[in-house]
Amino acid sequence: MSIWNFVVTAHKPTNVTHSCVGNFTGPQEVNLIIAKCTRIEIHVLSPQGLQPMLDVPIYGRIATLELFRPHGESQDLLFIATERYKFCVLQWDAETAEIGIIDPDCRLIGLHLYDGLFKVIPFDNKGQLKEAFNIRLEELQVLDIKFLFGCPKPTIVVLYQDNKDARHVKTYEVTLKDKDFIEGPWSQNNLDNGAELLIPVPPPLCGVLIIGEETIVYCSASAFKAIPIRPSITRAYGRVDADGSRYLLGDHNGLLHLLVITHAKEKVTGLKIEFLGETSVASSISYLDNAVVFVGSSYGDSQLIKLNLQPDAKGSYVEVLERYVNLGPIVDFCVVDLERQGQGQVVTCSGAYKDGSLRIVRNGIGINEQLISETRILAMNLEDELEETEIEGFCSNIQTLFCHDAMYDQLVQVTSNGVRLVSSTTRELCNEWFSPAGYSINVATANATQVLLATGGGHLVYLEIGDGVLTEVKHAQLEYDISCLDINPIGDNPNYSQLAAVGMWTDISVRIYSLPDLNLITKEHLGGEIIPRSVLLCSFEGVGMPVTDIILIVCSWGWTSLEFSVEYDNKKLLYSNVNLKEVSHMCPFNSAAFPDSLAIAKEGELTIGTIDDIQKLHIRSIPLEEHARRICHQEQTRTFAICSLKYNQSSAEDCEMHFIRLLDDQTFEFISTYPLDQFECGCSILSCSFSDDNNVYYCVGTAYVMPEENEPTKGRILVFAVEDGKLQLIAEKETKGAVYSLNAFNGKLLAAKIRRFSCISGCFVRMVLHEEGAIEERARDYNANWMSAVEILDDDIYLGAENNFNLFTVRKNSEGATDEERGRLEVVGEYHLGEFVNRFRHGSLVMRLPDSDVGQIPTVIFGTVNGVIGVIASLPHEQYVFLEKLQTNLRKVIKGVGGLSHEQWRSFYNEKKTVDARNFLDGDLLESFLDLSRNRMEEISKAMNEPVEELMKRVEELTRLH
C-alpha cells in the first residue's frame, strides 16, 4: 500500500443526533429535519407518510439544530452550529430546492463554546449580523443552557454543578448595550443530583422544566412544582402541544413517558407523568401530527411511531409504523465471505443496550420481493393476484424446458419430448413437433417466430412458427453436446433473428450460426474451465454482440450458484451481485399490479419482484437484545463468536452480565454460551491456531472491572475449542491487567495487556517480536494522540484514528542514517474524517474482477460510532496527483451548505494544532462530480484540460471500490 490514500463513504451515517419539526419548506408544509452528525435530511409529512426531500452533507459535526421563526416570517429558518465553532442560518429556496444562507430578524444568538464564556451574536433591526462579543459566565460546570420564553429582555437559564457536586439553576438577562449579564428574575438551588436537562416552556405558561434522575421540577418566577419519578436517565424530549403543556420523555432504557403540566388558566397547578410504552433508546423525539412521532436513535433503529388512545394487550400505547436502519454505533466488525463467492460481507456489532444487534452488510443489486407462490401455471385474476389455472394444450405431467409467447396469439411449450404450439385465446393445442426417436431435448430457446433446440449427441434443430403451424427448417449435427442457446432478435425485425448463439460443453466455446441455414459464422473459445450455461444476444449502444452471462459454474461434482446483474457502461461490463441465492430460472413479468418486474424461480417457490436501479449496500439485522462488543469468524467451524453484554433491568438495581456467545454463521442462532465471572467483561477475541497443532481455537481476552478501581488490575486469557457445536474451555491464564487486544504471530498468541492508559495514549509504537519471545521496540511516533484504531498498511506505513475524529499515517524511516532517525515514525498523512473510528479491517465490499483497473488497489474498511462504513484505498502516485487536482477544482465549484469550507472541514484538527489535510483525498467530494450538471462538468473539464468523458470514467472507476 502507499502513503497516498483515498477515503470514501460506502454507507452514510445513520445515527440520529438531532431532529426538529416545523414549516421549513413552505408555510403549509410540516417538515421533519434530521441531523445525522455530518448530514442533514429534510422530510415532508404527507398523507402517505414521511417523504424525503433533501439529503445533504454538512462540512462539520452538528452540535446544535434548531428551527425558529423571526417576527413577520411565514416559514421557519434553521440554525446549525458545529463542534468546531462554525454556525449558519439556513432558509429553503423553493425554486432551486437548495439551502442558502440568510440573516434572520432576531435579537441575538447565544453560544456556550468554552467553560466560563458565553458568546453573543446580535442582530440589528435589518436582520444583519453585528460583531460578536463574549460575556464571562461564573458557572464553570454548565450542564445545560436554554433561552426562556416570554421575557422582555433576552434571558437564559443555566443548569450547573458547583465544586461540591451540588446542582443549581440560575437565570441571567443579556444586556446588549452593556455587553454583560445581570441577575435574572429567579434561581433555584440544590436540585436533584441527577438533573441534567432543561426544557423551556412556551407561553402562556413559560418557565422551565428541570429533568432529573429521580424528580422532575417545574420552575418559574411565580411557581415551583415537583414530582418523583422511577430512577431513569432522560435522553430526549419532544413537545406535543404548542402551549407546552405536554411533553414526551425518552429514557436510557427506551421507555417513553408523557409528562403533563396541569394548569388553571395560565397558572401551573402540578405535574403528571404516564408510561406509554417502549421504543428504541431515543436521542431525539419529534412530535409530527395526529399522534405520530419520530423517535431518532443513536443506539438502535430510528422509528416512526403512533400513540394510540387505547393500550394493546401488553399495556403499550406505542405502535411502530416504520423503522429506519441505524448501524451505529459500530463497536466492532469482521469481513467474511459467507457465501464463498469472492465478495466480502461486513458483519458488525451494532447498537447498544437493549437495541444491540448484529448487522450483515453486503454490496449488490436488490430484488424487492413482492410475492411468493407455488410453481405451477399461474394467472393474474381480477384482484391482481396470482392463482393456479390450466392451459389445456400444455403438457402438465412433464418438465417444461422453455416457454414463450409467439405470433398469432400463440404460446410455445418445449419439453424433453417435443414442441407444442398452443392458442392463447382458446388454450387448445394447435400443432406439435416431436423429437426424433431415441433423443430427448436438453436445451431450447424461442422468440415470437422461431424455435431453436438441441438434443443429446450434438443435434441442433431449427423450427419456424406459423399461424397454427410448426415447421422444421434445418437440422445440423455438431461435434459436441450443446450447453446453451439464444436467438434473441437484435436486428431491425423485433420478431425474427438472423443469428443464433450456441454454447458448447466439451471445447468450452461460444459459436455464432446464421439463420435459417445454420452455417457457422464464428467461434470463440472461452478458456479455463468455465462452461457457458446461459448465453444472450443483445445490443449495447447499437452494437449487437453476444454476452455470456455465467449464472451457473460447474464444480467437480455439482453446481455452485452465482447471481449477477450485468451492466454495460463506458465500454465496460460491470458485474453486481444480486441478493438472491440459488436461482434456477427467471424471466420478465409485466402486469398492471407488477409492472416491469421479474419472475424468479427457486426450488419450491416463485418470487415476483423489481430490481434496484443502482448497486447499494443491503443490510440484514439480527436483533440480540444485548450489546455485542467484539466479534470474530471461524471459517473451519462455520461459526461466529461474540463478546456480549446484557443489562438486567428486572432486578432492583441495573446490573450487567457478560457472555461469550457462539453463533451459527448461516442462521445466526445462538448455539453455545459461556458466562463470564461477575465484573468480568470480554475485551478482545481472536480465531487462531498454535505451533504443532492443526486445531483452531477462539482466544478471548478479558478484564475484571471492579467498581473501586480506576483501571482494571486483573484479567484472563481464555482459549476455547468448538466441539460438537459447543464452546469448550481448553485453557485459561490470569493476567495482571486488562487484555485489550489479541493477535496471532508465528504460532504464538500476542496479548496487549495494560495497567494504565497513560502508557499507550501518547504514541504510535512499532514493535518486533523475536523468535525467542522477546519484544523489541523499533520505532515510535512522538506526537501525543489518544488512539481509537490502528492498522498496518505495509511493512513501513501505518494507519491510525484518534479521538479528535482524525486519520493519519506514519512511515518508518528504514533508510535513516542513525538509530534515532530509524527509531522515529514520520507523519506522512493527515486528514479530518469527522467520525470516531472504532475498527479498521483489511478487505473489500465488492467483488474484485481481474480485468478491472481498481481490482488491484488495496483497501481497508472502517466502522464508526455514527454507523458509517468507509473504505480507504491506497492509490498509485500518478492517480493521486490527478485526483488531487480534480478535488481542488471541485472545491471551487461545489460550495458547502451554509458557506462552510470544505478545506477547513478536512484539515487535521486537535487541541494543539490545525493543519491542512495531506496525502488523503475526500472520495465523497470527488464522487459528487458525477452529480453535477453538464455545464459545471464542462467548467471543471476546462480547468483540468481533460474531456468530461475521461473525468467521468476516472471517477466512475473509483466508485467501484465500494
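1. In E23, Leu 259 is the bridge partner of Tyr 247. The model is a predicted one. The pair belongs to the contact between strand E22 (residues 246-251) and strand E23 (residues 255-264), which run antiparallel and are joined by five bridges.

2. Leu 259 also has a bridge partner in E24, namely Ile 273. Strands E23 and E24 pair over 10 bridges, again in the antiparallel sense.

3. These strands belong to an open sheet of four, ordered E21-E22-E23-E24, with antiparallel pairing. Its edges are strand E21 (234-239) and strand E24 (267-278), each of which pairs on one side only. From one strand to the next, the twist averages 25 degrees. In a regular strand, side chains alternate between the two faces of the sheet.

4. The hairpin of E23 and E24 has two residues between the strands. Within this hairpin, Lys 265 takes a positive phi near 60 degrees.

5. The remaining points concern helices. Two packed helices are described by the angle between their axes and by the distance between those axes. For helix H2 (residues 877-893) and helix H5 (residues 934-944), the angle is about 130 degrees and the axes lie 10 Å apart. H2 is therefore oblique to H5. The crossing of H2 past H5 is right-handed.

6. On the H2 side, the residues that meet H5 are Phe 882, Lys 885, Leu 886, Asn 889, Leu 890 and Val 893. On the H5 side they are Arg 936, Glu 939, Ile 940, Ala 943 and Met 944. Sorted by class, this contact of H2 with H5 has seven nonpolar, one polar and three charged residues.

7. H2 also packs against helix H6 (residues 948-959), at an angle of about 110 degrees and with the axes 12 Å apart. That angle is why H2 counts as roughly perpendicular to H6. The crossing of H2 and H6 is left-handed.

8. H2 contributes Gln 879, Phe 882, Leu 883 and Leu 886 to the contact with H6, and H6 contributes Leu 951, Arg 954, Val 955 and Leu 958. By class, the contact of H2 with H6 has six nonpolar, one polar and one charged residues.

Technical notes
Residues numbered from 1 in each chain as written. Predicted model: local features only at pLDDT ≥ 70, side-chain atom pairs only at ≥ 80, totals over all residues. Heavy atoms only, no water. Pairing = 2+ DSSP bridges. Axes fitted to C-alpha atoms, helices over the stretch in contact; angles between N-to-C directions. Parallel < 35°, antiparallel > 145°, perpendicular 65-115°, else oblique. Left-handed = near helix turned anticlockwise from the far one by under 90°. Contact = heavy atoms within 4.5 Å. Nonpolar A, V, L, I, M, F, W, Y, C, P; charged D, E, K, R; others polar.
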